[in-house]
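This report walks through one protein model, from its packing to its sheets and its confidence. Please keep the structure in view while reading.

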Amino acid sequence: MCCICWASLVFVCVYIYKQIHVFFIQARKQSEEFTDESEEEDSEDEPKLKYERLANGVTEILQKDAASCMTVHDKFLALGTHFGKVFLLDIQGNVTQKFEVSSVKINQISLDESGEHIGVCSEDGKVQVLGLYTREGFHEIFDCPIKVVAVHPQFTKSNYKQFVTGGKKLLLYERNWLNRWKMTVLHEGEGSITNIKWRANLIAWANNVRVKIYDISSKQCITNVLRDNVHLRPDMYPCSLCWKDNTTLIIGWGTSIKICAVKERNPTEMRDLPSRYVEIVTAFETEFFISGLAPLADQLVVLYFVKNSDHMDEEFRARPRLDIILPLHESYEEISSDALTVRNFRDNECRDYRLEHSEGESLFYIISPKDIVGARERDQDDHIDWLLEKKKYEEALMAADISFKNIKRHDVQKIGMAYINHLVEKGDYDTAARKCQKVLGKNMELWENEVYRFRTIGQLKAISQYLPRGDLRLKPAIYEMILYEFLKTDYEGFATLISTWPGDLYNNKVIVQAVNDHLQKDPSNSTLLTTLAELCTYDQRYDKALEIYLKLRHKDVYQLIHRHNLFTSIEDKIVLLMDFDKEKAVDMLLDNEDKISIDRVVEELADRPKLLHMYLHELFKRDHHKGQKYHERQIGLYAEFDRPNLLPFLRDSTHCPLEKALEVCQQRNFVEETVFLLSRMGNSRRALQMIMEELQDVDKAIEFAKEQDDAELWEDLISYSIDKPPFITGLLNNIGTHVDPILLIHRIKEGMEIPNLRDSLVKILQDYNLQILLREGCKKILVADSLSLLQKMHKTQMRGVRVDEENICESCHAAILPSDMGKPFGVVMFHCRHMFHRECLPSSGGAFPGVQYCNICSAKRVDPWK
């Protein structure tokens, strides 16, 4: 009985243990998944890389086995496991080939650039180099574990049948011309070889102490890069190597990163040194332990192992990180950082992770014993996915619109519709309606659906201003539905739509009837009346529209008249137009004299003299002669409404009756206008008398005398002023240039006090000096001009004159030149250009026998040219 109870108890305990174990496994998985999801949800910055687990065949492999290494080629992947198997996989993780290499861990797999040859090494010392598509191969078993193997990048070519292996020694294998493999020891004595990377003619490898680079072409080791973190175990924190290009090596060891550049040495410096040397261009320390490196343009992708620490949250402990950093000279700038949730990450160490990348594209693989995660640069589709996930619809729409040719999984219109739906859900109806223009475009079906949706939510007003109304249009019922909605609740908005929408978008008669129905309830509503006028205009009922505009005194009445040539309709409405806006009305009437005559306008305005004056005044300003028959009437209009413009009118008009004008001005005692009319009629003395007696303005009197320039007026002015000292002062200051001041000075009575007499006399003297200076200056100019002209005339007269056989003697009319030029002859030419034979001229005596008179055109004595 005791045995049975004890057995039952053991069974129960085992069952409970299994259930607890399963529970913890499930909880752990849920925790990992939750951690991954929560990180994505909490992150506000868009990740630079997109992650995806390698599934399909890989999932099945890693359930039974564990990944130990992997190599990436553009065409396929090669995966090694802890149970000694090598799997060739496609990019999706499907198994295409399988090799049973060993029964223990595969340490390294190497591929040449063509992907036709593969090198494999394992923990039991086996090394195999196989042709994937040929039967050639190399098989060797060593007495120690072989950690790494690397085949020549050009292994396919017959001249490059080389590979290296690394265990306790670094061995180079070359196939010679006898088709046998020759082995050469390149390095030994510094512990196990932990990593090898072969690029072109350079082999880089790492052991427990340092990194070395070997030049296969010159068969020389060209550098030694010592390990920095010497306190770390090299087997637990192995070195990571990666070639960025043929001359740039990236080294990651512990927490240290170094970028080395291989350079050609100057021939003058070689001596016994290698032809190449290595320069460390960048070196810096990182926060975590490095498990892998890969180049990304001018940046680096770094896989970090995060060791447990007390200050870190439990959820983030031991999770590997994949960072993108920008190397600087002695530091780096972090571009992005992602914590990765790989399977069983809590059980892994730094040496369990690897980072491999594809040379042809920005594709990276994070390898751990129980998981392989692919990471690639996010494309535009991924960027849009992230924006949509974060509900940044506007940015997503913009990104899709800019790169619509490059996106493959997204459609611009669908993104736009999602954005509109989001805005409607938020209640931002105005923005949603505005986006409809861009998103819906020319799709009339979608437009109609959106309009009805906005109607359902009671937001037709929001979408009204964005409806298509160009070549592509919706059904008239849609527009009428929106107009009805506005007419019920918003007269101003209704008026705005009528003024901005083309009249053929809807049935005009139906809308007119609806407006009339509302006007029956509110007949004086100006907004509805204005809108009705516009509708009548669309319906070509211009008279009705004009009537409404005039009733409302609407500013668009003039535009309506011009646009539809309604001048015949306004002949009896000129007074209404003038009362509404005088300036616009006058301008319109004057601009269209051919349609509304001046006589017609004058007739209509006969009972409104002020309006008539405005019209005739503007007419006179445009043309002094057009309204000449109304100039007599204008005299009274100016005198009544616009005296400041009366005098200019009298001066400019040549059709104004002077007697009538004088009568009006004398009746109203307009002195200045009367003076002007008297002077224009020839009664200058009476005009001057009015200036002196009524205006008592000496300056104006002097100005008037100057204009008339009449000695009798000056005499009258002097006589009137002789007993008035202020007038005398004014005359003394202004008379000097027109009348001799002595005439005035002699007539001044002795003892009369004259204000500012000294200043006036000084001015007279200054004016006199000025006149003298002007005369002297004019004299100098006259003399200089006369001399210049005399010199010019003399120079002209001294020029030679051409005489040929065509010239004749003005006396005998024979040729001036003899036929026989050998005989002596004489020719006389006067300044008047008449020519004579010497013998044809009458002889004259005296001291100058050659001086003659031209017998034809001059009685003046001149000196001839001989």
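## Packing around L467

Leaving out residues up to four places away in sequence, L467 touches W447, V451, L474, Y479, I482 and W501. Contact here means heavy atoms within 4.5 Å. This is a predicted model: local features need pLDDT of at least 70, side-chain atom pairs count only at pLDDT 80 or more, and totals for chains, interfaces and linings use all residues. Residues are numbered from 1 along each chain as its sequence is written, and side-chain values use heavy atoms, with hydrogens and water left out.

## The nonpolar cores

The largest nonpolar core holds 86 residues. Such a core is a set of buried Ala, Val, Leu, Ile, Met, Phe, Trp, Tyr and Cys residues joined through side-chain atoms within 4.5 Å. Buried means under 20% relative accessible area, exposed over 50%, and partly exposed in between (1.4 Å probe, protein chains only). Which members touch the most others in this core? They are V451, L467, W501, Y506, I561, L577 and Y615. Helix 9 (residues 476-489) supplies the largest share of the core, seven residues. Helices (H or I, at least four residues) and strands (E, at least two) are DSSP runs, numbered from the N terminus.

The core lies between domain 2 (378-474) and domain 3 (485-554), because both give residues to it. The domain bounds come from an automatic or database domain assignment. A second, separate core has 33 residues, including F649, L650, A687 and A705.

V439 sits in helix 6 (residues 429-440). Its relative accessibility is 6%, so V439 counts as buried. Not counting residues up to four places away in sequence, V439 touches L397, Q413, G416, M417 and I420. V412 is 27 residues from V439 along the chain, yet their C-alpha atoms are separated by 7.8 Å.

T81 belongs to strand 3 (residues 77-81). Is T81 buried or exposed? T81 counts as buried, because its relative accessibility is 0%. Neighbours within four places in sequence aside, T81 is in contact with I61, D65, A66, A67, S68, F87, V104, K105 and I106.

Two strands pair if DSSP finds at least two bridges between them. Strand 24 (residues 321-327) is joined to strand 25 by seven bridges, and the two run antiparallel. L326 has E333 of strand 25 as its bridge partner. In a regular strand the side chains alternate between the two faces of the sheet.

Another open sheet of four strands runs in the order 1-28-27-26, and its pairing is antiparallel. Strand 27 (residues 363-368) and strand 28 (residues 371-377) pair in the antiparallel sense over six bridges. S368 has D371 of strand 28 as its bridge partner.

## A hairpin

Strand 8 and strand 9 form a hairpin, joined through five residues. Five bridges connect strand 8 (residues 126-131) to strand 9 (residues 137-141), and the strands run antiparallel. L130 stands opposite G137 in strand 9.

## Whole-chain figures and confidence

The protein has 28 helices and 30 strands. Of its 866 residues, 44% count as buried. Among contacts with a separation of 6 or more, 49% join residues 24 or more positions apart.

Mean pLDDT is 81, and 86% of the residues reach 70 or more. pLDDT is the predictor's confidence in each residue, from 0 to 100. Which element has the lowest mean pLDDT, and which the highest? Helix 1 (residues 2-42) is lowest at 42, and strand 3 is highest at 95. Over residues 1-42 the pLDDT stays under 50, and the model has 20 contacts beyond four places in sequence for them. Residues 862-866 also have pLDDT below 50, with 22 contacts in the model beyond near neighbours in sequence.
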